[in-house]
Amino acid sequence: MIYNRIEEVSSQIKFFFRDSKYKQVREVIWFIVITAVIHFSYRFWAMHFQYWPIQAWMGSIRNFMAATVFEQSTWVNQHILGLNLTRTDHVMYFSNGSGIAINDSCSGDKQILQFALLLLIFPGSRKRKLWFIPMGMIFIHITNIIRVALMSLVSVWQPEWTKPVHDNVLRGFFYIVIFGLWLWFVKANRK
């Protein structure tokens, strides 16, 4: 009886992986698996190996990207959103006394690396990957600037919501954008 049930489940799993009508579901599952593996591998590499063997290079990249995000988001806050702020050493202070700091963990390097590795791993045209990966990296950087601008608005309007919005909403925002870019890539490869 148990053997028959195991064989039935095994047959259903094989059917799922072979039937073409489940291809899109399988692709989404692969997206989730690949993204999760890259996410946790990156965190493990950062926390336990401090980016070994390229610590100096990663430190420089992360500092450069954080400084770039700080400068560009400060410009957006002042010139597009019209926020009154003062700035010191990668911290924006707003007129209500709240502030946000941009450090190397705000650089977006992990998300950019996740996106690039995802597309390199995922099947698709190499020619399309050559232009799609750099375009997606730029799009993710712009997303990061938008994320900081949204954090700034939250910090000005509802400062007590800053941490929950940062931790629970805007971190997920990156993954929605990465998923959208990946979906665009997959659909473009079907044509």
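Visitor: Which helices each supply at least two residues of the lining of the second largest pocket?

Guide: Helix H3 (55-80) and H4 each do so; helices (H or I, at least four residues) and strands (E, at least two) are DSSP runs numbered from the N terminus. Residues are numbered from 1 along each chain as its sequence is written, and this is a predicted model, in which local features need pLDDT of at least 70 and side-chain atom pairs count only at pLDDT 80 or more, while totals for chains, interfaces and linings use all residues. Side-chain values rest on heavy atoms, with hydrogens and water left out. A pocket is found on a 1 Å grid over the protein atoms alone, as an open set of points where a 1.4 Å probe fits, with protein on both sides within 12 Å along at least five of seven lines, and its lining residues have an atom within 4 Å of a point.

Visitor: What volume does the second largest pocket have, and which residues line it?

Guide: About 220 Å³ of space lies in it, a volume being the space filled by probe spheres set on points that are joined across faces, edges and corners. Its lining includes Tyr-42, Trp-57, Met-58, Asp-109, Ile-112 and Met-137. By class, the lining divides into 9 nonpolar residues, no polar and 1 charged, where Ala, Val, Leu, Ile, Met, Phe, Trp, Tyr, Cys and Pro count as nonpolar, Asp, Glu, Lys and Arg as charged, and the others, Gly among them, as polar.

Visitor: How is the lining of the largest pocket divided by class?

Guide: That lining has 7 nonpolar, 6 polar and 6 charged residues, and the volume of the largest pocket is about 500 Å³. Of its 19 lining residues, Arg-43, Ser-105, Lys-110, Gln-111 and Arg-171 lie nearest the centre. Helix H2 (23-49), helix H4 (109-121) and helix H6 (162-190) each give at least two residues to this lining, and the largest share, 5 residues, comes from H2.

Visitor: At what angle do H4 and H6 pack?

Guide: Two packed helices are described by the angle between their axes and the distance between the axes. H4 and H6 pack at about 25°, with their axes 11 Å apart, the axes being lines fitted to C-alpha atoms, for helices over the stretch in contact, with angles from 0 to 180 degrees between N-to-C directions. H4 is therefore roughly parallel to H6, a label used for angles under 35 degrees.

Visitor: In what order do the strands of the sheet stand?

Guide: The 3 strands form an open antiparallel sheet in the order S1-S2-S3, where two strands pair if DSSP finds at least two bridges between them. Strand S1 (85-88) and strand S3 (99-101) are at the edges with a single partner strand each, so one side of each is left without a neighbour in the sheet. The twist averages 15° from one strand to the next. S1 pairs with strand S2 (residues 91-94) over 4 bridges, with Leu-85 opposite Phe-94, while S2 pairs with S3 over 3 bridges, with Val-91 opposite Ala-101.

Visitor: Where is Asp-89 found, and what is its phi?

Guide: Most residues other than glycine have a negative phi, and most peptide bonds are trans. Asp-89, in the loop between S1 and S2, has a positive phi near 35°. In the hairpin of S2 and S3, which has 4 residues between the strands, Gly-97 has a positive phi of about 90°. A cis peptide bond, with omega about 10°, joins Trp-52 and Pro-53, and Pro-53 is in the loop between H2 and H3.

Technical notes:
Angles under 35 degrees count as roughly parallel, over 145 as roughly antiparallel, 65 to 115 as roughly perpendicular and the rest as oblique.
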